[in-house]
Amino acid sequence: MSFAASQGPGPSRPVLQRRRRGALVPTLLILAGLAVALAIFAEIYTDVLWFSQVGYTEVFRTRIVSQLVLFLVGGGLMAGAVGASVAFAYRSRPVYAPVDTEQQNLDRYRESLEPLRRLVMIVLPAALGLFAGSAAAGQWQTVLLFLNQSSFGKRDPQFGMDISFYVFSLPFLRFIIGFLTAVFVLALIAGAATHYLYGGLRLQGQGQKTTPSARMHLAVMVGVLVLLQAGSYWLDRYSALTAEGDRFTGAGYTGVEAVLPAKAILAAIAVIVAVLFFVTAFRGSWRLPATGVALMVVSAIVVGGIYPAVVQRLQVTPSQLTRERPFIDRNIQATRDAYGLQGVEVTQFDAKKTGERGALKSDAQTTASIRLLDPALVSPAFRQLERNKQYYNFPDALDVDRYEIDGQTKDTVIAVRELDLRGLPAGQRSWYNDKAVYTHGFGVVAAYGNQRSSDGEPAFFQQGIPSSGALGEYEPRIYFGERSPSFSIVGAPEGAPPQELDYPTDEGDGTGQANNTYSGDGGPRIGSLFNRLMYAIKFRDQNILLSDAVNSESQILYDRAPRARVEKVAPFLTLDGDPYPAVVNGRVLWIVDGYTVTDAYPYSDLQPLGDVTTDSLTESTSSVVALQQRKVNYIRNSVKATVDAYSGKVTLYAWDASDPLLQSWMKVFPGSVKPLAEIDGQLMSHLRYPEDLFKVQRTVLGRYHIRDAGAFYSGQDYWQVPADPTAPTNTAEAQPPYYLTLQMPGQERPSFSLTSAYIPRATAENVSNVLTGFVAVDADAGSTTGQKAEGYGQIRLLQLPRDAVVPGPGQV
């Protein structure tokens with residue numbers, strides 16, 4: 001009793017509160033850490049389930065393992081280097097630091113830091129290691145391509161190196177040098193700061209500024225950094241072949257005659273200066289390496305900057321065409337190779353502006369195939385006539401395909417009737433309806449491209465709910481599409497009443513709808529409590545865990561857009577912005593074109609993908625998108641991918657097996673891409689030349705139809721794609737290419753083609769809508785199993801007379 005009285009309730013309460021507050025912060029930090037760890041685990045675990053379900057576990061495993069290894073190696077290297085640098089500097093500190101004003105001022109910092117010294121020596125390297133590891137993990141594609149590179153079979157015209165060196169090896173070497181430079185810079189800063197704090201390095205006072213240990217430590221670190229700079233200078237010589245110039249990409253006269261030798265000289269000087277630092281580490285003073293650094297700086301200014309400028313001003317500018325001609329030739333040759341334009345057939349076309357009686361007789365087949373339905377404009381008609389219910393919808397721009405009907409191949413305009421939850425009134429929206437009832441669209445609608453009904457409506461040959469028409473029986477349910485909900489929960493035990501709305505109907509039990517239970521294998525199983533918990537965490541949605549819509553046979557369908565699914569299983573591909581549907585062997589398949597690209601092809605012209613694939617269609621609709629903005633100078637349509645609209649199955653086919661980039665990725669992910677021979681004839685008949693590739697090629701061809709270096713230099717015959725005359729007058733977006741069945745000069749018969757026009761290149765204030773050229777590529781892949789049609793991909797260019805004025809699209 002006396003103890004309690006002597007303590008009293010007053011003095012003890014603050015002590016308890018301080019203890020509670022002291023325990024609360026670590027507890028909250030631990031709980032936050034556990035929450036983050038659980039979220040990360042849920043993300044990885046659900047990814048494992050998803051990739052296992054689609055059959056691409058090897059892709060996920062390879063990516064995760066490579067990223068993990070790079071994270072550990074990169075993070076360990078950074079943490080180890082910084083930690084070792086700080087530890088060496090601390091352990092080699094002088095026992096008796098010099099007594100001067102500088103050191104006396106530092107005593108206060110040393111005293112305040114000492115209680116936290118061990119923690120800082122652990123936390124600082126660890127934090128830097130986390131950042132460095134994350135940066136290294138982001139380079140997994142660079143590393144894997146380097147380790148699995150394939151030869152291009154072509155050599156650059158300057159050094160005679162195989163193109164694979166520039167595409168695969170040079171980016172890897174750049175990454176290594178850049179990463180090591182960051183490691184040694186941070187380790188040097190940390191070590192120098194520790195030496196300074198503990199007296200091994202002084203900035204003021206008389207006598208030696210560094211102890212022998214500090215001198216050795218810092219000199220070695222700086223020497224390694226200078227050596228890395230020497231390596232960077234040496235690699236700059238090769239990077240010059242992909243550098244953008246004022247008129248063309250690649251090293252010109254000044255680059256070859258001045259910049260390349262200058263980089264070699266600077267690399268040699270850097271090696272010598274590095275040696276001086278290494279010598280200083282063990283003997284001598286800082287005078288020699290300091291002089292070397294000054295020499296490096298002066299050399300970089302004089303040899304690396306002033307000398308090339310003088311060569312450009314005195315030798316190149318007065319006679320630029322003469323000096324640059326061989327390098328322009330290199331650029332033209334490399335660009336046409338890299339963009340697949342070497343085989344372009346050029347025809348001088350004598351255009352006539354006045355029609356002659358009977359002139360269309362010889363073009364009867366082409367005339368009969370003229371498309372009357374514009375897929376970019378006919379969508380409202382499809383919506384009004386075939387939407388059926390407000391929760392169905394069609395894309396803003398429809399797709400063009402070919403189908404054999406009554407023994408004849410017909411150009412068609414086709415669209416999928418997709419589910420669009422935005423069409424539901426607010427009163428019908430609920431979690432249960434959105435995720436378990438409204439789960440899929442229904443059927444395709446197709447119309448003849450060159451016909452219309454008597455009242456102007458599209459002439460449909462496949463329509464209605466249930467779907468009926470010339471395409472016969474097929475699986476009409478669209479669980480995977482461009483407008484599908486973020487996720488749906490489907491499936492039920494055998495015999496359970498169906499819960500999913502299938503389609504509206506007056507037949508049956510009088511409810512006005514037919515219901516359905518998903519019977520495919522389109523998503524991971526979430527019947528177990530653990531899987532439900534993981535997906536509840538992934539989607540931040542507790543209803544997945546609590547709802548009775550989830551049963552023992554439930555599947556969760558997500559990542560349902562065709563581009564998203566292909567992108568996930570083939571992260572090495574750049575995907576076309578317009579996936580299109582086709583009815584193949586009784587299934588609705590989404591077809592997605594995949595490209596392999598690089599920006600490292602020597603002397604090839606760099607193109608901004610986002611800009612050159614933007615046109616009036618990508619700007620006015622959400623169903624067609626431009627490619628992501630990045631500069632490239634090599635592109636191939638290396639892969640054709642399909643996504644089953646019912647099961648979500650993703651299949652990749654090697655469309656251009658000769659592409660070295662694809663060959664390298666097939667080594668990285670063996671078995672993920674099927675050979676061309678496995679494409680059956682029915683699927684082949686719906687494959688076509690991709691729009692985004694053609695957009696890139698037509699842009700490049702606007703300049704590189706010119707083969708003569710002198711004419712290319714003058715630029716007077718450059719072309720551009722005309723602005724779309726049907727777009728709003730305040731926009732200047734390019735006219736999109738058009739799929740048409742036509743017969744170009746030199747062709748024996750009409751073929752399904754992708755076409756575009758050209759006008760002279762001009763400024764926005766001085767546009768001449770005079771037709772200068774017309775380009776078409778044979779887009780028909782044929783219908784033979786495992787074999788492309790002869791002539792597929794052949795580009796034909798009509799050049800109009802330069803002295804004639806033929807109206808272009810804007811004038812017409």
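**Notes on packing and rings**

1. Trp286 counts as partly exposed, at 28% relative accessibility; buried means under 20% relative accessible area, exposed over 50%, and partly exposed in between (1.4 Å probe, protein chains only). Phe277 is buried, with a relative accessible area of 6%.

2. This is a predicted model, in which local features need pLDDT of at least 70 and side-chain atom pairs count only at pLDDT 80 or more, while totals for chains, interfaces and linings use all residues. Residues are numbered from 1 along each chain as its sequence is written, and side-chain values use heavy atoms, with hydrogens and water left out.

3. The largest nonpolar core has 148 residues; such a core is a set of buried Ala, Val, Leu, Ile, Met, Phe, Trp, Tyr and Cys residues joined through side-chain atoms within 4.5 Å. Helix H7 (residues 163-197) gives the largest share of this core, 14 residues. Helices (H or I, at least four residues) and strands (E, at least two) are DSSP runs, numbered from the N terminus. Val569, Leu652 and Leu687 have the most contacts inside the core. A second, separate core of 12 residues includes Tyr391, Leu419, Leu421 and Tyr438.

4. Leaving aside neighbours within four places in sequence, Leu652 is in contact (heavy atoms within 4.5 Å) with residues including Tyr56, Val566, Val569 and Ser672.

5. Ser647 is placed in the loop between strand S20 (634-644) and strand S21 (650-654). Ser647 is buried, with a relative accessible area of 15%. Not counting residues up to four places away in sequence, Ser647 touches Phe480, Tyr518, Asp521, Gly522 and Arg587. A polar atom of the Ser647 side chain lies 3.3 Å from the backbone nitrogen of Lys649.

6. The count of aromatic pairs comes to 41. Rings of Phe, Tyr and Trp (its six-membered ring) pair if their centres lie within 6.5 Å; planes under 30 degrees apart count as stacked, over 60 as edge-to-face and the rest as tilted. Phe152 and Tyr634 form an edge-to-face pair, 5.7 Å centre to centre with 70° between the planes. This pair links distant parts of the chain, 482 residues apart: Phe152 is in the loop between helix H6 (140-147) and H7, and Tyr634 is in strand S20. Both Phe152 and Tyr634 are buried. The ring centres of Phe277 and Trp286 are 6.4 Å apart and their planes are at 65°, so this pair is edge-to-face.

Note on methods. Polar contact = N/O pair within 3.5 Å; in protein donor to acceptor, adjacent residues only side chain to side chain.
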